[in-house]
Amino acid sequence: MDTGGLPIYGQQQGAQPSEQAPALQMSGLRKAFNTTVAVDEVQLAVPRGSFFGLVGPNGAGKTTSLSMAVGLLRPDAGTVRIFGVDVWESPERAKALVGVLPDGMALPERLTGRELLTYTGLLRGLDPATVADRANELLGVLELTDAERTLVIDYSAGMRKKIGLATALLHAPKLLVLDEPFEAVDPVSASTIRTILQRFVAAGGAVVLSSHVMELVEKLCDHVAVITRGRVVASGPVEQVRGGQSLEQAFVHLVGGRTGGGEGLSWLAS
Ligand SMILES: Nc1ncnc2c1ncn2[C@@H]1O[C@H](COP(=O)(O)OP(=O)(O)OP(=O)(O)O)[C@@H](O)[C@H]1O
């Protein structure tokens, strides 16, 4: 078809989900804040149906990478595709495929938990009956039913994580991108969240989560990437990245860390 050289919107490459493309593909991603290069040529492919852990020291670039991956932060260079759909060329299509739990997410705080789910569902284009049914189920499973009429501003940190996760799940995405989903969450709720995520992956979804808890990543994830100083230094199946050691040992080795703390601070408790 001759389009007279004009692009056909919605038909361009990267606008349609592809059958073969990875769940998430970051290529040559780069982001600098003034002179700080936060993310430096990150290449990462998250296979379909995988449970993928992203680990790295504080300030390594995890949040910046994940924010660019889901369309919350514009990269200086590079591309991101979700099931083959370019996040920055076709944001609506890409965002329909992904559920996001950002780190320290700014939630509309003057809404109750129930209202937050209702508005999120309607904004996602779901019909009101479906939103109500799913909200009931999510509030129940995440043990937030008693707090459904409480304003989000009055939620604890763990409750905010849980209502954030509920908003990420509401539209039944194919990919979940979760920045530190277990932070501040009590052990019972953490176990519930783990079960939800495992069921999601068993049903064919893909999960990417960042965490500082190596045991959790080792237990839960089948793939892992280690990022340090804005660069991916290892990526692949957990067994391969561990290389016969614990993930924590491999991590310390890969990021060139030293497990200090035993020296200095002589004034402390003296
Ligand atoms: N908005 C910003 N403005 C300036 N610098 C930023 C901004 N966001 C991140 N940075 C810097 O970019 C680098 C990467 O930060 P990022 O938050 O991505 O790391 P992280 O791996 O998620 O860290 P943590 O594990 O501590 O949460 C850090 O040096 C940080 O100071």
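Four strands form an open sheet in the order β2-β1-β4-β5, with antiparallel pairing; two strands pair if DSSP finds at least two bridges between them. Helices (H or I, at least four residues) and strands (E, at least two) are DSSP runs, numbered from the N terminus. The model is predicted: local features need pLDDT of at least 70, side-chain atom pairs count only at pLDDT 80 or more, and totals for chains, interfaces and linings use all residues. Residue numbers start from 1 along each chain as its sequence is written.

- At the edges sit β2 (36–46) and β5 (85–86), each pairing on one side only.
- Strand β1 (residues 24–33) joins β2 in the antiparallel sense over 8 bridges.
- Phe-33 has Thr-36 in β2 as its bridge partner.
- Helix α1 (residues 62–69) packs on the sheet and touches β1, β2 and β4 (77–82); the direction of α1 makes about 120° with that of β1.
- For that angle, axes are lines fitted to C-alpha atoms, for helices over the stretch in contact, and angles run from 0 to 180 degrees between N-to-C directions.

**The whole chain**

- The protein chain holds 9 helices and 10 strands.
- Along the principal axes, the C-alpha atoms of the protein chain fill a box of roughly 70 × 55 × 40 Å.

**Contacts**

- Among contacts (C-beta atoms, placed from the backbone, within 7 Å) between residues at least 6 apart in sequence, 68% join residues at least 24 apart.

Notes
Contact = placed C-beta atoms within 7 Å.
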